[in-house]
Amino acid sequence: MAQALFSDTIVALSTPPGAGALAVVRLSGPAAVAITAAVFSKKSLPEAAGHTLHYGTLRDSASGDVIDEVVVALYRAPRSFTREDVVEISCHGSDYVVRQVLALLLRHGARLAEAGEFTKRAFLNGALDLAQAEAVADLIAADSALSHRVALNQLRGGFSQELRELRGRLIKFAALLELELDFGEEDVEFADRTGLARLLAEVRGVVAGLLRSFELGNVIKNGITAVIAGRPNAGKSTLLNALLREERAIVSAIPGTTRDFIEDEVSLDGLRFRFVDTAGLRDNPADEVEAIGVRRTRQRVRQAALLLYLFDLTQMTPGEVQAEIKELTEGLDLPVMAVGNKTDLATPETPKAFAAELRTGESGAETPLVFVAAGQNQGLEALQAALVAQVRGSALENTASATIVTNVRHARALETAAAHLAAVQAGLDTGRGTELLAADLRHALAALGEITGEISSEDLLTSIFTQFCIGK
Ligand code: GDP
Ligand code: ZN
């Protein structure tokens, strides 16, 4: 690094607050080593090479008291996360020790880091681009195998690489436009136009693919809300309990805000499903309370990403099932899975009859159909597999690129880029002036540049990094 951007040295606790076996206090900046050395027992520290560990004691220079036995990890600029000199002090993880260590380092000239400031420095010093910096936050928050993989890919620059290629092609496109401008209107060759159109179509295709991947990205990052609906006694609560019992990786138990709803999260094959049990649906609710429950159920269905319609095989006809699904999803673009319950009570022919009639439904669209005996823990694996397949299948098939966009900010920027590229396309089709095409192209390039931070404002950086915790 030729020129250090920051002259001050920041410090923060980088592990979660609260008691733990160990805590890590991190310093970054030109005086990181000197400040540490001033309170550390091992006097050779200032001369030590980067990527080394040093065991010793931290001592309060004023009182002479030993604060803790620690291990100091030393990283020399530019071979560190922030590209600055970085010191990580592993001390014992009591609040008291951590407070003492921090106070000591602050007294010796360090400044308490702001939220996300280490990562912000890494970005501003060129260690990461903006999309990669955001992936640091995603990686820390990742709580399923898939969200972890996506964040890691983004951190390693997979997404950034794809964007760079995209920008590269657009710049090539812009260069061709310039060429056209140089030649002047009448000299433009037809082949150039076709070339431009082809290049534009290609780039628009990639942007559209990335935008489609956001559907899956969102699901990976935030989970899928699946509402279980059906008539009273269909077995909804039994099914929910069975699904939760099956799966050991229960993330959290969220008691519903009302008695009608029980929510819980289950991780299936790397995807987080949030199942919502609802009050039973009945055409003629028995009383006011039940009527309210039914209304709330419909409301929940509207907010869901997936409707799991559960019915008792012995109590309903295929026609009734179809009618209720239709009524529940009226006006909604909602994927539905029909689940026939209580196979243990039904004749072996019953599922076949449902399969035959439901699959040839008038709607034309095929509703996946699964049979279970929730009370007997039967058919649950097939149901889980069908759920994963439905969610991932539909989203992944649409995702040609290996990159999955998970960040709303990125999706918005891609939308902006897509809109400007569409304008360029329209301009080409209608023979609009080259100057106008070039202007739209610049807007598209700017939108893509915002994702990786090639184009960024202080406001944008602040809004991104303040979402981080202090210490990151
Ligand atoms: P909900 O009103 O839809 O939540 O239905 P429940 O989960 O409370 O179940 C209603 C009744 O059906 C209970 O007595 C359950 O034990 C029973 N039940 C649920 N699943 C099955 C099943 O697969 N087989 C049989 N035989 N009974 C079931
Ligand atoms: Zn119930």
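Student: Hi! Where does Ser237 lie?

Tutor: Ser237 lies in helix 8. Keep in mind as we go that this is a predicted model.

Student: Is Ser237 buried, exposed or partly exposed there?

Tutor: Ser237 has 15 other C-beta atoms within 10 Å, so it is partly exposed.

Student: Okay, and which residues come nearest to ligand 1?

Tutor: Ser237 is one of them, along with Gly235, Lys236, Thr238 and Gly375. They belong to a set of 17 residues around the ligand.

Student: Which element gives the largest share of that shell?

Tutor: That would be helix 8, residues 236–246, which contributes three residues.

Student: What does UniProt have under "binding site"?

Tutor: An unreviewed UniProt entry puts that feature at Asn233, Ser252, Ile254 and Thr257. A "binding site" annotation from an unreviewed entry also covers Ser237 and Thr258.

Student: Where is Asn233, then?

Tutor: Asn233 sits in the loop that runs between strand 7 (224–229) and helix 8. Asn233 counts as partly exposed because it has 13 C-beta neighbours inside 10 Å.

Student: New topic: at what angle do helix 3 and helix 4 pack?

Tutor: Helix 3 (residues 117–124) and helix 4 (residues 130–141) meet at about 160°, and their axes are 9 Å apart.

How values were computed: Residues numbered from 1 in each chain as written. Chains lettered and ligands numbered in written order. Predicted model: local features only at pLDDT ≥ 70, side-chain atom pairs only at ≥ 80, totals over all residues. Near = placed C-beta within 6 Å. Helix = DSSP H or I, 4+ residues; strand = E, 2+ residues; numbered from the N terminus. UniProt positions renumbered as here; feature names shortened; annotations may be inferred. Buried ≥ 20, exposed ≤ 12 C-beta atoms within 10 Å, placed from the backbone. Axes fitted to C-alpha atoms, helices over the stretch in contact; angles between N-to-C directions.
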